[in-house]
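Colleague: Could you walk me through this model, one feature at a time? I would like to follow how you reach each answer.

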Amino acid sequence: MILVYFAVFPWVCLAVFAYFNISQWIEVLFTNIGFVIITILFLMRSGKYERKQKVRLMVRDQLVEKQREDFKHNCQNYKLTKRECEIAELLCSGMTYKQIGEMLYITEKTVDSHVQKIFSKTGVNKKIDLQGMLGFVGRNDRQL
């Protein structure tokens, strides 16, 4: 706050400069100091914001990576095959059997078969329960 007052002070002094008939180069030099102070304040604020943003993104990325590792670890604990893990992740992210089938180039019936095996191995019968068992966190939950 004090720096803002120092930045504005040179313009306040213009009336004093005019009254005492001070040389124009001193007037220009003095008022430009205000521009320099404002620029420094802007750069400092921008730097602080960028640092905070970078730290926030790094923390988020670490959290997301840990959640992915936990999901993979839980899949291994339930002895899901690689394909079942892949389908479980897509299923937990909210995709339909048809969308999963199209993405993996398999039929809906094959997806259904894999999902039944996944449910059997994990002991659940709903997607929401599967998400909890495998520790899946959706995109909205990952944001900080």
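Modeller: Let's begin at the surface: Val4, Val8, Phe9, Trp11, Val12, Phe35 and Ile38 form a nonpolar patch with about 620 Å² of accessible area together. Patch members have over 30% relative accessible area and no salt bridge; like charges are joined within 9 Å, and nonpolar side chains (Val, Leu, Ile, Met, Phe, Trp, Tyr) within 5 Å. Areas come from the Shrake-Rupley method with a 1.4 Å probe, and for residues only the protein chains shown count as cover. This is a predicted model, where local features need pLDDT of at least 70 and side-chain atom pairs count only at pLDDT 80 or more, while totals for chains, interfaces and linings use all residues. Residues are numbered from 1 along each chain as its sequence is written, and side-chain values use heavy atoms, leaving out hydrogens and water.

Colleague: Which helix gives the most to the nonpolar patch?

Modeller: Helices here are DSSP runs (H or I, at least four residues; strands are E, at least two), numbered from the N terminus. Both α1 (2-12) and α3 (24-77) supply at least two patch residues. The one that gives the most, with five residues, is α1.

Colleague: Is Val12 buried or exposed?

Modeller: Val12 is found in helix α1. Buried means under 20% relative accessible area, exposed over 50%, and partly exposed in between (1.4 Å probe, protein chains only). Val12 has 53% relative accessibility, so it counts as exposed.

Colleague: What is the N to O distance in the salt bridge of Glu84 and Lys121?

Modeller: A salt bridge is a side-chain nitrogen of Lys or Arg within 4 Å of a carboxyl oxygen of Asp or Glu. The side chains of Glu84 and Lys121 meet in one, at 2.8 Å.

Colleague: And how is Glu84 classed, buried or exposed?

Modeller: The pair links distant parts of the chain, with Glu84 in helix α4 and Lys121 in helix α6, 37 residues apart. Lys121 is partly exposed at 34%. Glu84 has 2% relative accessibility, so it counts as buried.
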